[in-house]
Amino acid sequence: FSPLTAAVDEGHLPVVARLLKTDARLDKDLVNIAVRSGNYALTEMLLKAGAEVNAAHKFSLPSNLVIDSSETKDEPASRQPEGVSVGSSSPSLHSVEWTPLEIATFFRFTKLTDLLLAHGAKPQEKDGQFTEDLRFAIIDQDEKLVAKLLESGTNPDSQWAGFSALAIAA
C-alpha cells in the first residue's frame, strides 16, 4: 500500500486531501476502494484530483452475497453476506474484477453511480458480454438506472451468460 491508498482505505479525508496536495501517485484502484466503502466525499475528491474512473480492480466478496430483486430501492447497501454475523466464521470468498460503476450499482449506491457517470464512467463490455452494472440494475428493476446506463453507452444487444438484457428483465 502507498500512504495514499492506506488513507483512502481508512476513509481519512483530511489525510487524503493533504497527500493529494503533495502530488501523491494516483493508483488505479483508489476510486474502487472509495466506492466500495460508499464514501461519496472521498470518491468525489479522488475524481476531482484525476483518479481513474473506469479502472477495473480485482477483489474478493463473500460468495454467499444475497442478490434479491424483491428488496426495496430505499434500503441502503442491502446486499450483505447471508447468515454471517459478528464472530462467525468467514464465508468462502469469490474473486471479482469490477469497475467502480459495477461496484456502485451492486451496492445500490445511487448517488455514487450518478457521480461516477458524471465523471465519465462508461459501462464496458467484457468479452462481448454486458457488464455487471446493467445486470444489477435489471435485477433490481431500477428503470432509471437502466436508462442511465444505456444512455452512457451500454450495448443493449450484448449478452450476459448467454442471455440478453431483455431476457434477464423478463
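Reader: Is Asp114 buried, partly exposed or exposed in this model?
Author: The model is predicted. Asp114 has a relative accessibility of 31%. Buried means under 20%, and exposed means over 50%. Asp114 therefore counts as partly exposed.

Reader: Which side chain meets Asp114 in a salt bridge?
Author: A salt bridge needs a nitrogen of Lys or Arg within 4 Å of a carboxyl oxygen of Asp or Glu. Here the N to O distance is 2.4 Å. The partner of Asp114 is Lys148.

Reader: How many residues apart are Asp114 and Lys148?
Author: Asp114 sits in helix H6, and Lys148 sits in helix H8. The pair links distant parts of the chain. The separation is 34 residues.

Reader: Is Lys148 buried, partly exposed or exposed?
Author: The relative accessibility of Lys148 is 30%.

Reader: Which residue forms a salt bridge with Arg108?
Author: The closest N and O atoms of the pair are 2.7 Å apart. The cut-off is 4 Å. The partner of Arg108 is Asp140.

Reader: How far apart in sequence are the parts that Arg108 and Asp140 tie together?
Author: Arg108 lies in the loop between helix H5 and helix H6. Asp140 lies in the loop between helix H7 and helix H8. The two residues sit in separate loops, so the pair ties together parts that are apart in sequence by 32 residues.

Reader: Are Arg108 and Asp140 buried or exposed?
Author: Buried means under 20% relative accessible area. Arg108 falls in that class, and so does Asp140. The answer for both is buried.

Reader: Where do Glu44 and Lys48 both lie?
Author: Their side chains meet in a salt bridge, at 3.8 Å from N to O. The two residues are four apart, about one turn of the helix. Both lie in helix H4.

Reader: How many salt bridges does a search of the whole structure find?
Author: Among them are Glu44 with Lys48, Arg108 with Asp140, and Asp114 with Lys148. The search finds four.

Reader: Is Val53 buried or exposed?
Author: Val53 is in the loop between helix H4 and strand S1. Beyond its sequence neighbours within four places, its contacts include Leu47, Pro100 and Leu116. Its relative accessible area is 9%, so Val53 is buried.

Terms used
Residues numbered from 1 in each chain as written. Predicted model: local features only at pLDDT ≥ 70, side-chain atom pairs only at ≥ 80, totals over all residues. Heavy atoms only, no water. Buried < 20%, exposed > 50% of the residue type's maximum accessible area, 1.4 Å probe, protein only. Contact = heavy atoms within 4.5 Å.
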